[in-house]
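Please look through the sequence and the model below before reading on. The paragraphs that follow take up the strands, then the helix, and then a few single residues.

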Amino acid sequence: MEVSHTLDGYWVLSGYIDPEHEEAQTIMAKAKEQFIEANPLIDSAKVVVVNGEFKHGKDD
């Protein structure tokens, strides 16, 4: 997974997980959980997981 940070304070974990795979949601939730555990000072409400590529907007 790739980690990005937005100007408004969100942390975005992105990567490709085959949506047909039964465990895709579990894998994404586990990645978010592990990221939050490894970074306890980050507001967990500002951590988002994206299945696919995350692209910043033109102003980011």
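Two strands are said to pair if DSSP finds at least two bridges between them. With that in mind, and remembering that this is a predicted model, one can begin with β1 and β2, which pair in the antiparallel sense over four bridges.

On to the next pairing, where β2 and β3 run parallel and are joined by five bridges. Here Gly15 has Asn51 of β3 opposite it. Taken together, the strands make an open sheet of three, in the order β1-β2-β3 and with mixed pairing. Its edge strands are β1 and β3, each of which pairs on one side only, and the twist from one strand to the next averages 25°. As for β2, this strand is mostly covered, since four of its five residues are buried.

What, then, packs on the sheet? Helix α1 does, touching β1, β2 and β3, and the direction of the helix makes about 150° with that of β3.

Which residues of α1 are buried? They are Ala24, Met28, Ala31 and Phe35. These residues cover an arc of only 60° around the axis, and therefore they lie on the same side of α1. What covers the buried residues of the helix includes β1 (2–5), β2 (11–15) and β3 (47–51). The face of α1 that is turned away from the buried side carries the exposed residues Gln25, Thr26 and Glu37. Another residue that lies in helix α1 is Lys30; this lysine counts as partly exposed because its relative accessible area is 40%, which is between the limits of 20% and 50%. The C-alpha atoms of Lys30 and Gly15 are separated by 13 Å, and these two residues are 15 residues apart along the chain.

How many aromatic pairs does the count come to? The count comes to one, and this pair is formed by Trp11 and Phe35, whose arrangement is tilted, with 5.9 Å from centre to centre and 45° between the planes. Because Trp11 lies in strand β2 and Phe35 in helix α1, the pair ties together parts that are 24 residues apart in sequence. The two partners can be described by their accessibility as well: Trp11 is partly exposed, with a relative accessible area of 27%, whereas Phe35 is buried, with a relative accessible area of 14%.

Leaving aside its neighbours within four places in sequence, Phe35 is in contact with Val3, Trp11, Leu13, Ile42 and Val47. For Phe35 and Phe54, which are 19 residues apart along the chain, the separation between the C-alpha atoms is 17 Å.

The last stop is Ser14. When residues up to four places away in sequence are not counted, Ser14 touches Met1, Glu2, Val50, Gly52 and Phe54.

Key: Residues numbered from 1 in each chain as written. Predicted model: local features only at pLDDT ≥ 70, side-chain atom pairs only at ≥ 80, totals over all residues. Heavy atoms only, no water. Buried < 20%, exposed > 50% of the residue type's maximum accessible area, 1.4 Å probe, protein only. Helix = DSSP H or I, 4+ residues; strand = E, 2+ residues; numbered from the N terminus. Arc of directions from axis to C-beta. Contact = heavy atoms within 4.5 Å. Phe/Tyr/Trp six-rings, centres within 6.5 Å; stacked < 30°, edge-to-face > 60°. Axes fitted to C-alpha atoms, helices over the stretch in contact; angles between N-to-C directions.
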